[in-house]
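Hi,

Here is the structure I promised to pass on.

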Amino acid sequence: MSGNIQLLDETLAAARSEGRSALIAYLPAGFPTVDGGIAAVKAVFEGGADVVEVGLPHSDPVLDGPVIQTADDIALKAGLKIADVMRTVREAFEATGKPVLVMTYWNPIDRYGVERFTAELAEAGGAGCILPDLPVQESALWREHAEKHGLATVFVVAPSSKDERLATITAAGSGFVYAASLMGVTGTRASVGEQAQELVRRTKATTDLPVCVGLGVSNASQAAEVAGFADGVIVGSAFVQRMLDAEDEAAGLVAVRELAGALAKGVRGTA
């Protein structure tokens, strides 16, 4: 079975044709439970997310701040396996027909096996993978298998990336480019800042791929601000925080659905 990179491309193109940014949500698999995590992904889609990134929890998440680390710890202590991540992707895609990616560090894939991981992700209906710590110059094996299985390879660029480096990264990627709005880890912030806008401008000069901004966006007004210059707005910690703050799983689902709704209005300029 081929993966759903085409669905991802079509979804991002459809948002652009509507004159708006896409809303991309992030939630870790296995949090608060495997079933609860699947329900949360469905809830954010119901609320208005166009794309969801399912995080593969990792014990040493170098890009993730304390909120996502807390959720990852809960999932890992409960014994989360890669099979649970694949199940999350499968059930979310089958329920919604919308693009679901996996965001993961390289080590779990390397240990699992690249061919096995890409084949299973495609079979589950996945659209691709975001790989924040895989250097482009070491990515040939991954990209070979991802392309074979119809999966997008999304790389992360940062404000520190030089123009030449940006061109190298964007030439190797597919689906979209993940632009980290600032130097640091994930988390909600008071301002997303001008750094992100400049990074998007520099990145767009090197590629026709959509450029989507993550790190720091947590509310509708910030989503609207970023939507003014980016092709997609990526929100993660704010969703996870809603789940952490909820008194029970049902309340958490209501909270993330409502947040997705507010952010969906933000990217449309109707908040």
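The C-alpha trace spans about 45 × 45 × 30 Å along its principal axes. I count 12 helices and nine strands in the chain. Taking contacts with a separation of 6 or more, 74% are between residues 24 or more positions apart. As for the surface, the chain exposes about 10,800 Å², with 49% of that coming from carbon and sulfur atoms.

Now the annotated site. An unreviewed UniProt entry lists Glu53 and Asp64 under "active site". I followed up Glu53, which sits in strand β2, residues 51-55. Its relative accessibility is 1%, so Glu53 counts as buried. Beyond its neighbours within four places in sequence, Glu53 contacts Ile24, Ala25, Tyr26 and Leu27, then Leu101 and Met103, and also Ile130, Phe176, Tyr178 and Ile234.

One caution before you zoom in: over residues 183-190 the pLDDT stays under 50. The model still has 28 contacts for residues 183-190 beyond four places in sequence. Where pLDDT is low, the predicted coordinates should not be read in detail.

Cheers

Technical notes: Residues numbered from 1 in each chain as written. Predicted model: local features only at pLDDT ≥ 70, side-chain atom pairs only at ≥ 80, totals over all residues. Heavy atoms only, no water. pLDDT = per-residue confidence, 0-100. Contact = heavy atoms within 4.5 Å. UniProt positions renumbered as here; feature names shortened; annotations may be inferred. Helix = DSSP H or I, 4+ residues; strand = E, 2+ residues; numbered from the N terminus. Buried < 20%, exposed > 50% of the residue type's maximum accessible area, 1.4 Å probe, protein only. Areas by Shrake-Rupley, 256 points an atom, 1.4 Å probe, with all protein chains shown as cover.
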